[in-house]
Amino acid sequence: MTNAKYVFIGIHKYNLKELSKQYNLTYSSVKKFYNLGYRNNLLLEKAKKAARPAYRLNGNLFHSRNEAAKYYQIAKSTLYRKANSEELGTIERCVV
């Protein structure tokens with residue numbers, strides 16, 4: 001018999017693997033925060049915050065600022081300096 005761990009998000013019951021698939025999170029992050037004592041909505045919020053960040057710049061989605069710099073063919077330092085300026089546009093962090 002397995003020792004499945006369940007959490008409740010709204011009216012749905014998930015085991016940790018289902019939760020990670022449903023919300024596109026890594027299983028290791030979900031399991032780590034579960035073992036740290038986070039449950040239900042708190043677990044989901046914490047795992048989402050720890051998820052790999054993404055950056056949106058001029059409507060394009062990048063998984064890192066380095067990826068954005070390569071796309072625009074500029075140095076990372078130039079991207080950091082010119083981000084949020086009229087010349088390059090606004091870079092915003094989001095979770096995918």
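1. On terms: strands are DSSP runs of at least two residues, numbered from the N terminus, and two strands pair if DSSP finds at least two bridges between them. The model under discussion is predicted.

2. Across the pair, tyrosine 55 is placed opposite phenylalanine 62 of E4.

3. Is strand E3 mostly covered or mostly uncovered? Mostly covered: of the 5 residues in E3, 4 are buried. As background, side chains in a regular strand alternate between the two faces of the sheet.

4. Alanine 54 belongs to E3, which spans residues 53-57. Its relative accessible area is 0%, and therefore alanine 54 is classed as buried, the cut-off being under 20%. Between alanine 54 and serine 64 the C-alpha to C-alpha separation is 6.1 Å, although the two are 10 residues apart in sequence.

5. Serine 20 is part of helix H1, which comprises residues 16-22. Why does serine 20 count as buried? The reason is its relative accessibility of 5%, as the cut-off for buried is under 20%. Leaving aside residues up to four places away in sequence, serine 20 is in contact with Leu25, Thr26, Tyr27 and Val30.

How values were computed: Residues numbered from 1 in each chain as written. Predicted model: local features only at pLDDT ≥ 70, side-chain atom pairs only at ≥ 80, totals over all residues. Heavy atoms only, no water. Buried < 20%, exposed > 50% of the residue type's maximum accessible area, 1.4 Å probe, protein only. Contact = heavy atoms within 4.5 Å.
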